[in-house]
Amino acid sequence: MKVSLFITCLGDVFYPGVGKDVVELLERYGCEIDFPGEQTCCGQPAYNSGYHKDTKKTAKHMIQTFEHAEYVVTPSGSCAVMFKEYPSLLKDEPRWKQRAEELSAKTYELTQFLYRVLKVNDTEASLQARATYHTSCHMTRLLGETEAPYELLSNVRGLQLKELPNKQNCCGFGGTFAVKMTPISEQMVDEKVEHIEETEAEILIGSDSGCLMNIGGRIDRLNKPVKVMHIAQVLNSREA
Amino acid sequence: MAQGTVQNRESFLNNIAEKLGRERRRSSVEPPTYTKQPQWDIMVDYTTEQLVDVLKEQCTAIHTDVKEATIDELPAVIDDVMKEYGAEKAAVWDDLRFAEFGLTSFMERPDINIWGSAPDEDDIKITEQADVGITFSDYTLAESGTVVLMNGGGKGQSVSLLPTYYIALIPLSTIVPRMSQVTRKIHEEVQAGRRTPSCINFISGPSNSADIELNLVVGVHGPVKASYILIDDL
Amino acid sequence: MPMKIGDHSFDQRVSKGLGETHMRETVRSAQGRLHTNKSKAEEDLGNWEDWRTLSEEIRSHTLENLDYYLEQLSDNVIKNGGHVFFAETAEEANQYVKEVAVKKEAKKIIKSKSMVTEEISMNEALERAGAEVIESDLGEYILQIDDHDPPSHIVAPALHKNKEQIRETFERLKGYDKTSKPEELTQFAREQLRQEFLEADIGITGCNFAVAESGSVSLVTNEGNARLATTIPKTQISVMGMERIVPTWEELDVMVSMLCRSAVGQKLTSYVTGLSGPREEGDLDGPEEFHLVIVDNGRSNILGTAFQSALHCIRCAACINVCPVYRHVGGHSYGSIYPGPIGAVLSPLLEGYDDHKDLPYASSLCAACTDACPVKIPLHEHLIEHRRIIAEEEKKTTRGETYAMKGFSVTSSSPRLFDMATRAAPIMSSPFTKEGTIDKGPGPLKGWTDVRSFPAPEKERFRDWFKSRKKEDS
């Protein structure tokens with residue numbers, strides 16, 4: 001099976017390690033990884049800020065970039081959702097809308113692809129640690145994926161997963177929200193960190209680099225002894 | 001009843017039609033057949049007994065005491081509840097069902113005001129001074145623990161509202177699963193061209209408020225306690 | 001008060017809100033409790049998504065045919081002997097109500113809770129006409145006696161006050177001498193207000209849903225004050241936003257079921273009352289005269305736009321109760337009597353962007369609101385649409401943001417520029433980097449690094465790794 005990887009801009013520049021785990025994971029299940037080098041960003045920062053004319057250019061570029069793909073997989077619920085937003089963004093241009101719908105239909109977030117398409121619920125990973133999982137908003141509410149990450153994590157050997165209190169609340173990232181409404185975002189991420197501490201987790205796991213960059217950045221600033229890991233890294237962990 | 005008046009209607013509604021981008025709609029609008037109608041699946045095949053169980057369970061959630069009585073026991077059970085409340089003066093509806101359910105002598109007591117019998121038509125004042133208001137339930141909703149009162153005439157809306165306590169007499173024959181069954185009946189009455197009673201109450205227990213720190217306080221402007229007496233009339 | 005509250009800037013209001021520890025504690029625990037209650041109510045009901053679909057269909061059919069249903073409603077109200085006034089503006093509505101008060105020589109007017117009368121500042125208008133207006137909803141009563149403190153929540157208006165503050169207000173202004181127990185405070189309000197009800201000449205209520213087929217007004221309450229206001233006074237005036245209507249009693253059932261569950265997690269509130277005109281012949285209570293005021297006040301401008309579904313709102317506050325931003329800043333920070341996500345959508349629509357242009361940005365777009373809405377209003381999408389209008393049509397964003405976004409879009413639609421930019425990222429950021437993180441970022445990064453570390457870009461991008469790996473393989 002050929003899988004075209006959309007690594008996301010954050011994944012490309014800041015978290016290349018996550019991408020390596022994604023590649024290894026998918027290859028283990030016989031996927032042939034295609035990485036279209038023309039890919040950039042999904043355009044969400046501009047879209048969410050209301051610059052839709054500009055976002056359309058980005059969207060069209062990404063549609064072209066992935067037009068040949070059989071499946072598009074991305075290690076981000078939020079970026080997957082943005083791809084699925086393209087048809088409505090391009091609703092006034094029927095031909096582009098059609099192409100956007102095709103892209104939308106074949107786009108999957110990583111755990112969703114593993115669980116729903118490859119029918120994997122155990123990646124045979126092992127990681128001895130107490131951990132908690134942050135359910136990112138876009139993945140849960142807009143992509144509607146609430147099962148896949150939990151199913152996959154539940155089968156990681158040695159991982160003690162404790163539910164995060166108030167897990168439904170946003171971590172305060174929200175893209176430009178984090179820099180535009182800093183004082184509010186700060187309170188939101190602080191409360192998230194409080195709840196993470198309540199679980200006594202050593203590791204915070206998430207499926208979206210944006211949220212992890214936010215929560216991890218705050219944890220780092222506050223010198224809390226919690227490590228932040230992308231779910232791909234956990235699912236690809238191999239401990240002796 | 002003299003017909004009322006309406007002002008400013010045409011320009012107001014024309015503007016709405018214009019904003020909606022079409023001509024005024026003046027006829028043949030009907031609610032569509034909705035794609036989902038989950039309200040009709042709720043407790044659809046429940047027996048009265050099962051509905052009574054649901055009602056009783058719900059009453060614990062709405063701070064409402066439930067008593068059960070046969071028609072013969074009814075006067076004594078009402079007395080018991082009044083004693084519990086320390087209530088002496090009662091206000092009741094002028095409702096034939098009181099006689100039908102063997103409460104004729106109860107109604108003749110001096111400390112009871114039957115709605116509409118006060119001198120100078122001062123029923124509101126007398127009812128306001130009563131310790132307890134007693135009415136029958138016209139329909140009873142199991143799901144929400146609700147008594148439905150079709151007020152009007154001898155059935156004054158004040159009786160279930162102004163006294164400190166409230167007792168609803170609930171013949172088991174009035175129990176239906178939920179609000180849907182009653183609103184459908186009202187809807188059918190409207191379609192048959194009958195005027196809707198000027199006040200219909202759906203009452204679920206005593207008055208309450210959570211306006212202070214979201215702490216529930218039972219007993220605000222309406223009755224501070226409520227009791228339902230279920231009467232086996234089947 | 002108009003919709004807009006106070007003259008402080010958005011940032012000032014937020015900073016004040018964030019500093020109100022009592023308020024934040026109260027809101028936090030209220031949200032927790034409401035979340036639990038609503039989830040339980042959804043579960044008890046079963047088929048919640050079907051109920052939402054049904055509710056959305058009802059609201060959208062009604063709004064699409066609003067002129068028809070309002071005509072039917074008004075026909076039926078007058079048939080029942082009531083009077084209907086269609087008010088295009090707040091002023092028209094207030095003028096009409098004032099005229100009724102003058103004609104009735106009303107000295108005392110008792111009100112039950114109504115957001116639309118807050119929106120159009122009806123109390124002030126009536127007070128100017130010389131009438132005493134008394135709010136009877138416990139929360140509204142607390143706010144009214146505390147020098148007309150504005151509501152901070154559309155269902156629990158005094159949510160920002162804790163019981164000790166309320167006790168202090170009662171003591172200072174009403175001679176209250178008991179404790180801060182909610183039971184005692186409530187009992188005191190009951191005693192204070194009962195007499196007012198008995199003396200009131202006019203009762204004013206809002207309207208949760210009018211029923212077109214029978215000319216009825218429904219009121220959904222717990223305290224019983226709306227019942228008192230419509231039972232004792234000789235004249236009743238109900239004021240409704242023009243969109244608060246259902247076709248028949250069958251739709252009323254659905255909307256009330258959803259409202260009670262979504263607002264407070266109750267199956268039904270203690271009192272759901274359907275009022276159809278003035279008292280009939282032979283009735284000894286209920287109003288002798290009934291007036292229905294139907295208010296537009298900017299709502300019709302929302303019809304036929306991308307925002308039309310905002311008019312589906314049933315004012316349950318479910319979106320407010322799950323909003324993580326509201327949770328921290330509280331209702332007053334929004335600067336509008338309609339706070340939270342629905343307030344951030346509605347306020348700019350009803351009063352324009354000048355006073356409310358920050359509100360669409362007061363959201364992380366987490367979509368908790370959209371998810372919670374019982375009538376499926378896509379609230380977070382409406383917030384994005386507001387941002388689009390502000391950026392592209394009103395051109396009210398800062399020049400810095402506009403350039404940044406243009407730059408971003410040019411870069412992300414050009415692989416060559418994107419490659420250059422991401423390749424340059426580690427070099428550009430190296431002056432700010434320490435041990436793999438950036439602690440004091442430049443320009444737009446400042447807001448980020450004020451409270452968080454920012455990761456330094458890795459030297460080898462994913463794409464470089466992937467390319468070199470491919471080479472090795474072959």
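Modeller: A quick definition to start: domain bounds come from an automatic or database domain assignment. This is a predicted model, where local features need pLDDT of at least 70, side-chain atom pairs count only at pLDDT 80 or more, and totals for chains, interfaces and linings use all residues. Residues are numbered from 1 along each chain as its sequence is written, and chains are lettered from A, with ligands numbered from 1, in the order in which they are written.

Biologist: OK. What domains does the assignment give for chain A?

Modeller: Domain 1 covers 2–116 and domain 2 covers 121–235. Their centres, taken over C-alpha atoms, are separated by 22 Å.

Biologist: How many residues does each domain put into the contact?

Modeller: Domain 1 of chain A puts in 27 and domain 2 of chain A puts in 24. Two residues are in contact if their C-beta atoms, placed from the backbone, lie within 7 Å.

Biologist: Which element gives the most on the domain 1 side?

Modeller: α7(A), with six residues. Helices here are DSSP runs of H or I, at least four residues, and strands are runs of E, at least two, numbered from the N terminus.

Biologist: And by class, how does that side divide?

Modeller: Into 13 nonpolar, eleven polar and three charged residues. Ala, Val, Leu, Ile, Met, Phe, Trp, Tyr, Cys and Pro count as nonpolar, Asp, Glu, Lys and Arg as charged, and the others, Gly among them, as polar.

Biologist: Now between chains. Which pair in contact shares the most contacts?

Modeller: Chains B and C, out of two pairs in contact. There, 77 residues of chain B meet 90 residues of chain C.

Biologist: Which elements of chain B supply that side?

Modeller: Those giving two or more residues include α1 (9–19), α7 (179–191) and β1 (6–7) of chain B. The chain B side has 30 nonpolar, 33 polar and 14 charged residues.

Biologist: What does β1(B) join to?

Modeller: Strand β1 of chain C, residues 83–87. The two strands run parallel, with two bridges between them. Strands pair if DSSP finds at least two bridges between them. B:Gln7 stands opposite C:Phe85 there.

Biologist: How many residues make up the contact between chains A and C?

Modeller: 53 residues of chain A and 49 residues of chain C. α4(A) gives the most to the chain A side, with seven residues. By class, that side has 21 nonpolar, 20 polar and twelve charged residues.

Biologist: How far apart are the closest C-alpha atoms of chains A and B?

Modeller: They lie 19 Å apart, and no contact joins chain A and chain B.
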